[in-house]
Every structure is written in C-alpha cells, then in structure tokens.
Amino acid sequence: MTDKALPLLGGLTRQQFLDEYWQKKPLLVRQALPVAATLSDPEELAGLSLEDEIESRIIIGADKHWQVQHGPFDEDTYKTLAKNDWTLLVQAINFYLPQFTPLISQFDFLPKWRIDDVMASYAAPGGSVGPHFDNYDVFLIQGFGKRHWKVGQLCDENSVLQSHPDLRLLEEFNTEEEWILEPGDMLYIPPRIAHFGVAVDACITYSLGFTSPSTSQVAEYFCDDVLERDLSSKRYADPMLSALENNGVLTKSALQQFKSMLIEELDKPEVLSHWLARMISEPKYNNYSPAENDKLDDDAFFSLLKKGEPLLRDEASRFIFTEHEETKILYINGSEIPHPGCPALLTVLCGHQALEAECLVPLLNTPKSISWLNALYCSGYLYFDGNYSAHA
Ligand code: SIN
Ligand code: CO
C-alpha cells in the first residue's frame, strides 16, 4: 500500500497518524470527509429510532441533570420533546444505511475487525450526551450543523462518575482543548480521553467506534472453548512432590503447576486462533443472521458479477480469516465456514465491504468457487446493489 499524505488525516500519511495519534492523542481534521454533510438527516434517523430491532436512546439534559429514554420510540415521542437540550442516538446505522459503506472504507488501513459500528447522534440546540470517556477509539465526524467539542483529561476505572443509574458521566471535566466542528470536520479521540460535545445549532454527528475486547470477554471465550473441548480428564499432577513443613499452604510449585495447565491450552496456535476468530467475528447483536436472498443459479450469479453489478457484504455480518502456514480458515458471524481454498478470494472477501468485480471475477476461475460465492450470496452474507457508488 502506498502511504501518501491523506486529506482524511489532515495531510498525514496513515503511518504518521498511527505513530503519532492512534491510541495516543486527539487529532482534529478540518474537512476530512465533506461527504458526511449530506449522508443522512434527522427524519431518517428519527425513522430508524421507531424500529424494534434498532438500538436507540434519547438523552435529555444539561449540567448535572440528565435523563435517558430507550427506544424504540413512536411518533408522539418527538412531539413531546422540548426545542432544546436533547439528543437522539441511533446505534449501528451503517447496518441499515448503505451510504455509510464508502465512508467506512476510508478507514481500511485499520484492521477491519476493529471497526464496531457507526452511531449517529442528532442533537437539538444545546443537546449533549454529557462529559464522558469511552474505552475505545472513536472518530467523530460532523454531519450537518455545528457542535462544540471539548477534550479533557485521561480517565480510568477510578475516575469519579456522577451518580446516575444509566449513564456513565464524569463528575469533573478539565478542558484541555476545544473546537467547533462544522460539516465534514472530524475529531479522532483515543480511548479513555474525556470528551464533551454540545450542539451549537441542531446538528448530526457520526461516531465511528472501534471494538476492543476486554480481558473478561476474552476469558469467557477461552473458557467456552475449554469446556467445548472437554478437558476434564487432563488433571493436576505432582509426581515431584517434596515433603512439606507446612501442609496448609498453597505452594509456589502448585501455583506453577496450575499456571502450566492453563498456558498449555493457550500455547496451541491453531486452537487459540480458532476461538479468537470466533469471538472477533461474532455479530454485534446476538443471534443475528442475515435475511436470505432469492436463489440465483450459478450462471446467473456469475453473469451479474461479470456485468460489474456491485456486490456488497451484509453490513451487520463479520468476516475474518486466520492462517497457519498454508491453511486458511474463514469465519463469518462466529462460525467456521468451509471454503474452496483460494487464498486471494479470502483476502478480497474479508478485507472489503464492497467487492469489486474486477478483483473478484479473475479469482472465480472454477465452477466450485463460483458456486461457493453464490451460496454465500443466497444465504444473505452478500447482496447486489445497483445504486452503490464506491466514492464517499
Ligand atoms: C455524540 O455524538 O453526541 C456522542 C458521541 C461520543 O461521544 O462518542
Ligand atoms: Co464518546
């Protein structure tokens, strides 16, 4: 990949951004993504917030008085809201609005599995979600209107929070830098940096959020894997036991023995990558699976591809592959999926949301590979979208 200076990163190369800012300090980029100004509007977001399966919240408040309501909402909700000081948050809008796909692909220089979703926030003047920190990286991209953003101190689990049953808001906020973001501007915020945005006028902000699994989540998958493989016959052993002075203590050598039992299970690269890839490719929402497409026969499917019909990945599905020497394993939505063994096909499929025909067609050089990709299409993991344009 040539690493040239990018307007998206304010003239930095990808590597400069990663070295100087990523997970380290905030970066403001004016006019990083001018297209964001027209990607959605309040009516579209309010419409999404009426849907049962879409996660949405309304936060009302200012200073230290905050209320939160959880969606789905109904039309009347919007009639009862005041003119000022409220914010509608709609999670994962990129799963439902394909116009966000080219915007997200601008961030393809980051590991694809790290991208969680795009959350939209529509705020009436004065609206805010309050001073807080997130445990993950976020790019705040201004849609329409203006929002006043402040960034503050580095927080951790000991940072004092306001007492609120539902919201994790900071008791103290020490402003270090502040800016007014206008349509197309972008602010990158690393994990745990306090931030606080207030709508100057009615405005929309899109937050591209990243996933960063906690030790607890990873441990949960490790335990599930150990239970699934049923290691109950592998047991503690102490053939080198020494006679003890104090038999009531858990000795260092016993602790070492337990640690070795666990490390032995972690030290199997293929096993480790199997459960980690399953974890990483889990869809955001439990038990999600895409709606199936009407069946196409393999010839009809391949003809559409050859005609250049844009083929896209279902936005809510997660794809990743692992590699051990020559073996590559594909995972979609938490399950291992057999594949026809063309590594370049896996690279294209797992690396991009929009699968370009000119990359794909030359790789589909056997009936088996066409049939396999068509099966993914029929299951709904892929779909054709004649209106798709790769230009954000
Ligand atoms: C917002 O857009 O109001 C909140 C986004 C965030 O702080 O991550
Ligand atoms: Co935030």
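Student: How far is an oxygen atom of ligand 1 from an N or O atom in the side chain of Asp134?

Tutor: This is a predicted model, so treat the distance as a computed one. Asp134 belongs to the set of residues that surround ligand 1. From an oxygen atom of the ligand to an N or O atom in the Asp134 side chain, the distance is 3.4 Å.

Student: Okay, and which side chain has a polar atom 2.9 Å from an oxygen atom of ligand 1?

Tutor: Let's go through some of the surrounding residues, which include His132, Asp134 and Arg147. For Arg147, an N or O atom of the side chain is 3.3 Å from a ligand oxygen. The 2.9 Å contact with an oxygen of ligand 1 is made by a polar side-chain atom of His132.

Student: How much of the accessible area of ligand 1 does the protein cover?

Tutor: The shell around the ligand includes Met119, Val129, Leu140, Trp149 and His195. By class, that shell has 4 nonpolar, 5 polar and 2 charged residues. On its own, ligand 1 has 260 Å² of accessible area, and the protein's share of cover is 96%.

Student: Which element supplies the largest share of the lining of the largest pocket?

Tutor: That pocket has a volume of about 1,300 Å³, and 44 residues line it, with Gln91, Asp116, Tyr136, Phe210 and Lys284 nearest its centre. Elements supplying at least two lining residues include strand E2 (56-62), strand E6 (138-142), helix H5 (215-228) and helix H7 (269-280). The largest share, 5 residues, comes from E11.

Student: How many charged residues are in the lining of the largest pocket?

Tutor: Asp116 and Lys284 are among the residues nearest the pocket's centre. Split by class, the lining has 19 nonpolar residues and 13 polar ones, and the charged count is 12.

Student: Which residues are closest to the centre of the largest cavity?

Tutor: Helix H4 (101-105), E5 and strand E13 (319-324) each give at least two residues to the lining. By class, the lining splits into 8 nonpolar, 5 polar and 5 charged. Out of 18 lining residues, those closest to the centre are Lys112, Ile115, Arg313, Arg318 and Gln353.

Student: What joins Gly71 and Pro72?

Tutor: Pro72 is in the loop between strand E3 (65-70) and helix H3 (75-80). Most peptide bonds are trans. Between Gly71 and Pro72, though, omega is about 5°, and the link is a cis peptide bond.

Student: Last one: what is the phi of Gln23?

Tutor: Gln23 is in the loop between helix H1 (14-20) and strand E1 (27-29). Most residues other than glycine have a negative phi. Gln23 is not a glycine, yet its phi is positive, at about 65°.

Technical notes. Residues are numbered from 1 along each chain as its sequence is written. Chains are lettered from A and ligands numbered from 1 in the order in which they are written. This is a predicted model: local features need pLDDT of at least 70, side-chain atom pairs count only at pLDDT 80 or more; totals for chains, interfaces and linings use all residues. Side-chain values use heavy atoms; hydrogens and water are left out. A residue is near a molecule or strand if one of its heavy atoms lies within 4 Å of it. A polar contact is a pair of N or O atoms within 3.5 Å; within protein, one must be able to donate a hydrogen and the other to accept it, and residues adjacent in sequence count only if both atoms are side-chain atoms. Accessible areas come from the Shrake-Rupley method with a 1.4 Å probe; for residues, only the protein chains shown count as cover. Ala, Val, Leu, Ile, Met, Phe, Trp, Tyr, Cys and Pro count as nonpolar, Asp, Glu, Lys and Arg as charged, and the others, Gly among them, as polar. On a 1 Å grid over the protein atoms alone, a cavity is a set of points where a 1.4 Å probe fits but cannot get out, and a pocket is an open set with protein on both sides within 12 Å along at least five of seven lines; lining residues have an atom within 4 Å of a point. Grid points are joined across faces, edges and corners, and a volume is the space filled by probe spheres set on the points. Helices (H or I, at least four residues) and strands (E, at least two) are DSSP runs, numbered from the N terminus.
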